[in-house]
Amino acid sequence: MAGTVQEPRKLKRGFGLLAALGVILVIAGVVGLVYTGLATLTSMLLFGWLLLIGGVVGLVHAIESRGSDYFWLAVVVAALNIAAGVVVVRHPEGSAEALTLFAALLFLTGGLFRLVGSLVVRGPQFGWTLFQGAFGLLLGILVLGNWPESSRYVLGLFFSLALLFDGLGLIAIGVGGRRIVRMVAEPGAGTGGDGPSAPGAPGERR
């Protein structure tokens with residue numbers, strides 16, 4: 001009986017932690033939107049360290065599996081990740097410029113293909129696809145036209161928006177999960193607890 005009582009508490013505590021993590025991410029996202037330069041630098045350092053750690057882990061795994069067919073391929077991939085991580089960590093601003101340029105080219109090509117494809121195919125989602133293509137093309141032109149100055153805030157803006165929306169999603173999951181657990185765990189939840197008694201119940205007057 002005690003185990004069944006503890007389970008809802010554990011679930012509510014877990015959903016509460018999710019909501020708290022969501023609040024932290026939302027705060028970090030808002031701060032990043034205010035200080036986009038700092039968010040860009042932070043995102044590049046995180047990206048560099050992730051590459052570096054992933055490369056070291058991949059290298060260790062490759063050494064452990066030496067003698068296999070993919071040993072040298074794993075070593076090369078791990079070495080490239082380590083080298084890229086070192087470059088990004090040591091030169092975050094230059095790496096941000098390169099990634100911003102790459103992102104602008106992706107926006108341009110993706111927007112152009114969507115725009116032309118929507119005009120040629122004219123499917124059921126013609127208006128939405130046309131809007132997406134025009135928006136991507138415009139965004140790529142704006143970022144590329146202001147490059148390399150745009151590299152100071154573009155990546156930080158995207159990083160902060162990702163934190164903000166992820167945080168809002170975690171808050172929604174946490175609050176909704178706690179509400180569902182409360183509805184299921186509380187006696188008489190959803191019925192009011194005052195329903196008619198079953199026939200033949202003790203104390204019922206016939």
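Of the contacts in the chain (heavy atoms within 4.5 Å) with a separation of 6 or more, 77% are accounted for by residues 24 or more positions apart. The structure is a predicted model, in which local features need pLDDT of at least 70 and side-chain atom pairs count only at pLDDT 80 or more, whereas totals for chains, interfaces and linings use all residues. Residues are numbered from 1 along each chain as its sequence is written, and side-chain values use heavy atoms, with hydrogens and water left out.

The secondary structure comprises six helices and zero strands, where helices (H or I, at least four residues) and strands (E, at least two) are DSSP runs numbered from the N terminus.

Two aromatic pairs are present in the structure. Rings of Phe, Tyr and Trp (its six-membered ring) pair if their centres lie within 6.5 Å; planes under 30 degrees apart count as stacked, over 60 as edge-to-face and the rest as tilted. Phe-107 and Phe-158 form an edge-to-face pair, with 5.9 Å centre to centre and 80° between the planes. This pair links distant parts of the chain, since Phe-107 lies in helix α4 (residues 92-121) and Phe-158 in helix α6 (residues 154-185), 51 residues apart. Phe-107 counts as partly exposed because its relative accessibility is 24%; Phe-158, at 33%, is likewise partly exposed. Phe-131 and Phe-135 form a stacked pair, with 6.2 Å centre to centre and 20° between the planes. Because Phe-131 and Phe-135 are four residues apart in helix α5 (residues 126-145), about one helical turn separates them.

Terms used. Buried means under 20% relative accessible area, exposed over 50%, partly exposed in between (1.4 Å probe, protein chains only).
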